[in-house]
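Subject: Structure for your review

Dear colleague,

Please find below the structure that I am handing over to you. My notes on what was found in it follow directly after.

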Amino acid sequence: MDDFKQAYLLEKAAREEAEQLLADKSRILVAVNSELEQKVADLEHHQAMFIQAEKMATLGTLCAGVAHEINNPLAYSMSNLDSLKSYCGFFSKLLKLCSEFSENHIDKEAFHQQLVDLNQVHSFAFVADDLPDLIDDTEQGLQRISKIVSNLLNFSRPKSQDMQFADMTDAVTSAVKLLANQLRNCHLQSQYSPISQSWCNLAAISQVIVNLLINAKQACDNQDSQTKITINVYELEQHIYIDIEDNGIGMSAETIAKIYDPFFTTKPVGEGTGMGMTMVYAIVHEHKGRIDIQSSQGIGTRMSCVFPVLSQVTS
């Protein structure tokens with residue numbers, strides 16, 4: 001019995017020691033896991049801040065073009081308002097004259113003569129034809145400004161973490177609209193084939209396309225030939241392709257190898273942050289995609305963003 005009791009006590013002690021060891025290890029694992037979760041959250045936060053910072057840098061490139069794009073409709077809207085303002089005095093006199101005649105404060109001959117005099121200042125027929133055109137042009141100009149500002153605000157605000165099932169073509173067309181003025185002298189060709197909706201962040205995809213289009217345009221600056229940029233959106237084997245091709249200076253193999261490196265840039269000092277393609281890679285990677293690059297120096301570059309069609313919610 002003594003041997004049995006001793007064996008039991010030894011087994012019990014070993015079991016309690018093992019249970020204590022397991023509890024200690026579990027507490028350590030919980031603490032490590034909590035620390036890892038916090039570090040992942042911190043990394044995601046810093047990545048979001050980095051993407052937003054690069055977006056603000058891109059806005060500097062956009063501002064000059066957007067200002068010019070706004071100035072055009074603003075100029076003719078203000079000119080139209082000046083014309084409408086000049087008509088205000090004319091209409092005030094006309095309405096006052098009609099009121100006086102209706103209340104018998106002037107006779108028919110005086111009323112007729114004053115109408116003749118007003119018609120000489122502003123032809124009634126001309127004003128009747130001019131007013132609708134002035135109002136329509138002003139309305140179109142203000143709507144154009146509103147759309148430009150709306151596109152700029154949509155681009156500049158922090159990227160929403162909310163994903164949705166959407167057509168990535170919408171992100172491409174949004175980017176093209178935002179860069180309309182910068183690309184006005186380019187021969188731009190777009191071909192949008194029907195594609196499946198996919199689980200994505202349209203604002204982030206639009207930011208990718210804006211950066212790639214700016215790069216394509218800048219690669220063609222100072223070239224003797226006309227800038228040509230082609231955009232193709234299509235689906236192949238459950239993957240969505242967004243191709244952007246230019247006829248710019250192209251890239252060497254050494255440049256392609258470093259293209260995603262933070263702060264690497266081939267642009268002159270002050271003209272690039274060196275973080276644009278790093279940001280592009282981060283967003284495409286978030287969408288489980290990849291970037292294919294084909295480039296030849298002196299011929300041009302094709303950047304292909306390839307996204308798998310995500311038919312269900314992914315974390």
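The side chains of Thr138 and Asn80 make a polar contact at 3.3 Å. Please note that the model is a predicted one. Leaving aside residues up to four places away in sequence, Thr138 touches Ser77 and Asn80. Thr138 itself lies in helix 3, which covers residues 124-156. Is Thr138 buried or exposed? Its relative accessibility is 9%, and buried means under 20%, so Thr138 counts as buried.

Strand 5 spans residues 239-246. Of its 8 residues, 6 are buried, and strand 5 is therefore largely enclosed by the rest of the structure.

Which strands pair with strand 5? One of them is strand 4 (residues 228-236), which pairs with strand 5 in the antiparallel sense over 8 bridges. Within this pairing, Thr230 has Glu245 of strand 5 as its bridge partner. Strands 4 and 5 together form a hairpin, with 2 residues between them. In the turn of this hairpin, Glu237 has a positive phi of about 50 degrees.

Strand 5 is also joined to strand 7 (residues 300-308) by 8 bridges, and these two strands run antiparallel. Here Ile242 has its bridge partner in strand 7, namely Cys305.

Yours sincerely,
A colleague

Key
Residues are numbered from 1 along each chain as its sequence is written. This is a predicted model: local features need pLDDT of at least 70, side-chain atom pairs count only at pLDDT 80 or more; totals for chains, interfaces and linings use all residues. Side-chain values use heavy atoms; hydrogens and water are left out. Buried means under 20% relative accessible area, exposed over 50%, partly exposed in between (1.4 Å probe, protein chains only). Helices (H or I, at least four residues) and strands (E, at least two) are DSSP runs, numbered from the N terminus. Two strands pair if DSSP finds at least two bridges between them. A polar contact is a pair of N or O atoms within 3.5 Å; within protein, one must be able to donate a hydrogen and the other to accept it, and residues adjacent in sequence count only if both atoms are side-chain atoms. Contact means heavy atoms within 4.5 Å.
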